[in-house]
Amino acid sequence: MPVVSEPPGIADVAKGRVDRATLAANFADLHPPLSAHQAQVEADRCYFCYDAPCQRACPTAIDVALFIRQIAAGNPLGAAQTILEANVMGGMCARACPTEVLCEGACVREAAEGRPVRIGLLQRYAVDAQMATGTAPFSRAAPTGKRVAVVGAGPAGLACAHALAVAGHEATIFEKRDKPGGLNEYGVSAYRATDDFAQREAASILSIGGIAVRYGVELGRDVALERLRRDYDAVFLALGLGAARRLGLAGEGALDNVVDAVDYAAELRQAENLARVPVGRRVVVIGGGMTAMDLAAQSKRLGAESVTIVYRRGLNQMKAGARQREFAQTNGALIRPWARPVALEGHSGAVSGVLFERTREDNGELVAAGGAFRLEADLVLLAIGQQGTLEALAGANVRCDADGRIVVDEERRAGLAGVWAGGDCVSGARGLIAAAVEDGKRAARSIDAALRARL
Amino acid sequence: MVDLSVDFVGVKAPNPFWLASGPPTDRKSHVERAFRAGWGGAVWQTLSDAAPSAGDLPAARYRALHGVDRRVLALDGVGLASGRDLAIDLGEIAEVKRAWPDRALIVSLAAPRDEDSARRIVAQIEATGCDGVELNFSCAPEARPGTSEAATRVETTTRWCRALSRMPVMVKLAPNLADLVRRARAAKRGGADALTLIGAVDGIAGVDLDAMAPAGALGAMGGPAVKPIALAALAAIAGDPETAGLPIAAAGGVTTWRDAAEFIALGAGVAQVCTAAMTYGFRIVDELASGLSNFMAAKGYRRVDDFRGLAAANVADWRRLDRDRILKAEIDQALCIKCGRCHIACEDAAHQAIFATVDGERRFVVNEAACVGCNLCALVCPIENCVKLIDRSADAARAAAE
């Protein structure tokens, strides 16, 4: 029987590759919540450590040992209070944090028997219990009359605004999109944020009062930083990341189906019906971070026939850790390290393949190793990182690093009077929701002290 | 808004969680750490004006009874007295009370042997400015426990101290339940303002099978394992017409907020803690306060007094339980994980009333005809709420009528 190869250039990008039921299962909770029994068994495993390593590992220093003890003692609302006091986004963090390199990675039971306490799931258990009451355990101090402008309604912005509201100040958030949440809403994969969780959590945070949100307003395009500095008593910049990095290859902007991973992730999250999202039959993902791994897994779950992740260096140099790589692999994606793209092939205006050259390291520098290969592709996802937000800050005297990220001090002050910054837009950001929340908290504390000094 | 503050026989404290007399309260540095952590009060480790004897140990020796995963169920110790000079203790007590005026600071006192030594030591304690004295009768009792001499000693010593002191006098009684009410009555006759129930239980944690020796000498035991004994003590006092209503500070296995709430429900105005603080450190007070607070909020209790003693009225002698109530166990097949523990407990120790196989399949189902509603299966089942007792009295009455 003759081998028939498919003619090149048939861009096989289709909707509805997977039936409804399977799709629903594929995008249900990746980590289903604990039942009451499971929570009890899990909580009983915690040793209530002194100066607990889990607490130290948490960017927001949640008192993990205490909240687990509270769950074990049948007081989940007390546990939620403990969590939310340190991290107002404890709900999303419980679902999306890479706990294996944070709290659970530090858990002494990992050292004891290779099985850490499932802190993330316990945290979700407690916060879910709180959210089920329809109330949040916060109250506002007496109004101060001070007003703060917050740019961005992502984790850093919401956390800062919330802390300011609790301190009695008023906050106005300027958000360029039409919903709050930032990457919680537009990036985190659907199976980690089921049931519209990002919106429910944002609503719970905003319910403190004293926070107004103006949607569809973008810094730079619609309002200038100078104007905000004039009109408000302080400004907190929580801009997130800016433009995606490009490969710099011919055809990158012109060919169809060569897509920025961040945009594709947002499309998946915002899709009313995943069966209507176009999925390539053969998908190539370029990059080595969590975004690459997650989109590869999602592509398989959406029915792509083959998904290949290509990374320019070795597996252990990827930003994505072992657990995250395994997640992509167990979902059926193939990872090919030590290769970088040198050309995009197109047919009739759409991408048809990618040409890669093999690489190696020579004295720390990445060089061609000789040899090349071609991968057929109906869809190419570029997940090679994002730069800072220089456009939004154009003209403003905010010091940025080479990557366009804002330089801040320990209190998150941005070196421009009355301006603070936090989250992914700052230099040295860890790219974690919890780190963004901590930035928001610290900035709020610093802003509060500065405003009170003037009262 | 829940208010955890208490007024216990005139002693005010921001919450009912006080450290019991023991190793965690034997020096200023400990007590101050505890107060910084949020404890509402503390009972200073037992003072004695008797010179240390040759038999006293240079330091404490502990053993423990461990449960699953080395969870501490009981701590047993000997040689717990600090051995410090009395003057140092008295000086530190005064300093702590001055630095922490809003916290309760009671001093535990080994029951004086005669009225003269009682006069001396009570005056010294009162001079510190502390809030009260707790008489401890378990250090070297000369009167044999269980005898009427022991009860008399309680009454007499209490009377001396009560007459000599402006401060409240609490009497801490050991849990010999057969004799407890007699001694409690004696304390009341002597003028005790309150009881602390219970003092430590006599215990040996285990036996070392290599050394072929008991793990430790007969010591003072406390912790979760003694809680049922302590609860029974409170129930006994609540059930006696002479002693019912006496203010009680509970001690004996308080580990989480629920333990404290149970003691309060049986009449305690204060929950003292020792073993749990020794096991986990002073930070456990955060869980205690948060848990009790949320419980009270959920139930609509604004102050601790609002639910204190509510369960005491429901304590009943088992002989008076309702025999006409017919209860049958029921296993929730949706929750059942098929471990079979209910079956074997019933087979070996109850009424062989649980089937292990139904239609050839491993399935655990109650045989109601044989079940007497003893509750053993529900208790051994590892899944909460999987086995429940259902009231079938109405069915039984109907069947009998037919």
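Helices here are DSSP runs of H or I with at least four residues, strands are runs of E with at least two, and both are numbered from the N terminus.

This is a predicted model, so local features need pLDDT of at least 70 and side-chain atom pairs count only at pLDDT 80 or more, while totals for chains, interfaces and linings use all residues. Residues are numbered from 1 along each chain as its sequence is written, and chains are lettered from A and ligands numbered from 1 in the order in which they are written.

Back to the helix. α10(A) covers residues 155-166, twelve residues. From first C-alpha to last it reaches 16 Å, close to the 16 Å expected at 1.5 Å a residue. That expected span is 1.5 Å times one less than the number of residues.

Why call α10(A) largely enclosed by the rest of the structure? Because eleven of its twelve residues are buried. Buried means 20 or more other C-beta atoms within 10 Å of the residue's own; exposed means 12 or fewer, partly exposed is in between, and C-beta atoms are placed from the backbone. Among the buried ones are A:P155, A:L158, A:C160 and A:H162.

Now the sheets of chain A. The six-stranded one is open, with mixed pairing and the order β4-β3-β2-β5-β16-β15. Strands pair if DSSP finds at least two bridges between them. At the edges stand β4 (211-215) and β15 (413-416), each with a single partner strand, so one side of each is left without a neighbour in the sheet. Neighbouring strands are turned by 25° against each other on average, direction ignored. For such angles, axes are lines fitted to C-alpha atoms, for helices over the stretch in contact, and values run from 0 to 180 degrees between N-to-C directions.

Look inside that sheet. Strand β2(A), residues 147-151, is mostly covered, with four of its five residues buried. Five bridges join β2(A) to β3(A), residues 170-175, and the two run parallel. A:V150 has A:I173 as its bridge partner in β3(A). Strands β5(A) (234-237) and β16(A) (419-421) also pair in the parallel sense, over three bridges. There A:F236 stands opposite A:W420.

The other sheet is open too: three strands, order β11-β12-β13, antiparallel pairing. Its edge strands are β11 (339-347) and β13 (365-376), each pairing on one side only. β12(A), residues 350-362, pairs with β13(A) over nine antiparallel bridges. A:T359 faces A:A368 in β13(A).

Next, the chain contact. Chain A gives 13 residues, chain B gives twelve. Contact means C-beta atoms, placed from the backbone, within 7 Å. On the chain A side, the elements giving two or more residues are α2 (36-43), α4 (64-72) and α5 (76-86).

Last, one residue in chain B. B:L173 sits in strand β9(B), residues 169-173. Is B:L173 buried or exposed? Buried, because 25 other C-beta atoms lie within 10 Å. Beyond neighbours within four places in sequence, its contacts include B:L180, B:R183, B:L195 and B:I198. B:R302 is 129 residues from B:L173 in sequence and 31 Å away in space, C-alpha to C-alpha.

Terms used:
Contact = placed C-beta atoms within 7 Å.
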